[in-house]
Amino acid sequence: MKLFRPVRILAVLGAALTLLAPATVAAQAGHIERYTSFRPGAQWLDNNGQVIQAHGGQIVASTDGGGKRVWYWYGEDRSNGYYDSPGVHVYSSYDLYNWKDRGLALKAMSSPGQFESDPYFAKVYKHYTPAQREVVWRDLSTNSVRSDGWARPSILERPKVVYNKSTRKWVMWVHSDGPSSPDSTSTYARAEAGVAIADSPMGPFRWIDSYRLNHVPSDSVPWCGTGSSFDPAGGMARDMNLFVDDDGSAYIIYSSEENRSMYISKLDRDYTYLSARPENAIQGKDFVRTLACNQREAPAMFKSEGRYYLLTSGATGWDPNPARYATSDNVLGQFTDQGSPISGPGAATTFGSQSTNVIPYDQENNKFIFMADRWTPSDLKNAPYVWMPMSLGESGSLSIGPDQEWTLDDLAPYQRWSVETQLPDHTWLGDTSALPAEVTVRTGTRSTQVAVTWDATSVARPGPANLRGTLADGRTFTRSIVVMPHELRYAVNAGGVATADWQILAKNASLLNSSAEQALGTDPITGTSWGYTGASAPSGTANGDLYSTLRYAKNHEPLTYTFGGLEPGTYTVHTGYFDPWPWANRAAQVTINGAVVDQQRLFTGTNEAAAYGGVTVGADGKIAVTIAPTRSPDIQVSWLMVARTG
């Protein structure tokens, strides 16, 4: 993790980033207990009773001299805090629980004179020319008070290591950053990836150089969000990771374009440079620009049953945010966003952490471990690690967590499976009784009938929903479905777009409105009077859904929807709210037939629905819903439904 904006300062995180548990290992009377489980967010100590210094790191599997599997953990040494990093630390383990300190795999520098005065640097860089040593000093000079007069130190982040079977070398790539000139006040101006090489997993790793990487031509696509051209420098590389495919080809994955887009570039045979120089690189062969304009960072890649998975975080500095994952059948193809791999309260902040790597603990049986950091910038030395189990569901869908104590025995083997039973396009509100009691499940080439139960809470509000099913053996899956209230009279998609989910409502209910929306007037088909009033405009397209399409008010006016032609009785008015511009901090008061039913409706970037029940309709057959602003921003609404309940 990174201060990619020059003006960013280190801030103290709130209670969400505090440690979840005390240390499970303590050095008492010379005795150090052994770990037997993972405790996400708890302090983690090495064999000497010291806090492990391997932030933003990676785990690499190898074998020792006796052929036994051994794991190496590489990461940022933050024992001195943000600045003055000693370098990249390495630890070894036979069980992933208990780690032996192996020292610094790559050492940082405090003075150019160390090439002569320090035996370590004198030996490692013995044959380097003055120009090569200048590069090493430029990239490894992490001390905050520079002896050469430069205003800012260099930065080493996100170290990742792979073993090259062909060359029998260990190769380390690092986000290498720092000032671009002596008077530069930015530690994130160079935006490069640096590479080092070693004969042993413990090092010493010998620094080679740092580079900007592949990028699309400056005039080939617009700069994300602005319409202007790219920064001509191009090739920025910040948060990064490495991946070696089954055929031995290696790739570097990095956040670029000021963290706006993700890139994947193929490395050369030695893994020490790109497969082609940036000016000669071909998209689809040497690199790919993917998840463009999505503002993603902290990449972590793994492969399961021929499919590539790319985990990323949002770009919010030290503050945690929702993780997302994307998949592709081609490592240099376009990745398709699959949403968050976490559900429930932990999804909003990835359990207060940020991804750094995925450990293929047992790739043959699809057992993977999620590695993350819980960044505490006020105390980076003690910033804890968050390791959580990963599981694969229907058709390879990914889940991470929970952030509770767990062991390697909790990782279950997986073989891809899918539910083949076609479900109806809609179900009733809070009612799953009409859904099938059994579904056909295919695993490999075999199909079986399996009992299923449906989660009624997943269809507890009208509109588009993710229906959750649980098979008899505990496996779960979801299906997109449209939820309808019984006796639905009106279904209005504000903004007037006949989206696919609105069309399902219209097909399966006898609605009094023949179109998705209209200004107040007579319906040309049903003859009823209904529609909106108030200065406003639509937003959204037919490719969206009931939530993403909306009508927004203008000039601080209220929006009123009037529904006529209703038979006397009792009704519930359902409304849907979503704000694609949640930073506006808008709020509204909702009234129905003049009575306040929602004093302060807040608008957020999350799909939300409200149900206002007990609305009585008399002989006039009308319901009027008014949404009026209570703050300075104008208000909006996504959809409305009117259903008779009595």
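The following questions and answers walk through a predicted model of a protein.

Me: Before we start, how are residues numbered, and what pLDDT do local features need?
Reply: Residues count from 1 along each chain as its sequence is written, and side-chain values use heavy atoms, with hydrogens and water left out. Since you will want the confidence limits of this predicted model, side-chain atom pairs count only at pLDDT 80 or more, totals for chains, interfaces and linings use all residues, and local features need pLDDT of at least 70.

Me: Happy to begin with the overall fold. How many helices and strands does the protein have?
Reply: Both kinds of element are DSSP runs numbered from the N terminus, with helices being H or I of at least four residues and strands being E of at least two. On that basis the secondary structure comes to four helices and 41 strands.

Me: Why is the protein said to be as compact as a globular protein of its length?
Reply: The radius of gyration is taken over C-alpha atoms, and the globule rule is 2.2 Å times the number of residues to the power 0.38. For 646 residues that rule gives 26 Å, and the protein is close to this, so it is as compact as a globular protein of that length, with a radius of gyration of 29 Å.

Me: What share of the residues is buried?
Reply: Buried means under 20% relative accessible area, exposed means over 50%, and partly exposed lies in between, using a 1.4 Å probe and protein chains only. Of the 646 residues in the protein, the buried share is 53%.

Me: And what share of the contacts joins residues 24 or more positions apart?
Reply: A contact means heavy atoms within 4.5 Å. Among the contacts with a separation of 6 or more, residues 24 or more positions apart account for 56%.

Me: Let's look at strand S4. Why is it described as largely enclosed by the rest of the structure?
Reply: Strand S4 covers residues 69–76. It is largely enclosed because, of its eight residues, the number that are buried is seven.

Me: Which residue of S5 stands opposite Trp 73?
Reply: S4 also pairs with strand S5 (residues 87–93), in the antiparallel sense over six bridges. In S5, the residue opposite Trp 73 is Tyr 91.

Me: Is Asp 84 buried, partly exposed or exposed?
Reply: Asp 84 lies in the loop between S4 and S5. Its phi is near 60°, a positive value in a residue other than glycine. Its relative accessibility is 29%, so Asp 84 counts as partly exposed.

Me: Which elements do the buried residues of helix H3 pack against?
Reply: H3 spans residues 130–140, and its buried residues include Val 136, Trp 137 and Leu 140. These buried residues of H3 pack against S6 (100–107), H1 (114–117), S7 (155–164), S8 (169–177) and S10 (206–211).

Me: Which strands are at the edges of the six-stranded open sheet?
Reply: The sheet runs in the order S30-S31-S34-S39-S36-S37 with antiparallel pairing. The edge strands pair on one side only, and they are S30 (521–522) and S37.

Me: What is the bridge partner of Val 590 in S37?
Reply: S36 (residues 587–592) and S37 (residues 595–602) run antiparallel, joined by five bridges. They form a hairpin with two residues between them, where Asn 593 in the turn has a positive phi of about 50°. In S37, the partner of Val 590 is Asp 598.

Conventions
Two strands pair if DSSP finds at least two bridges between them.
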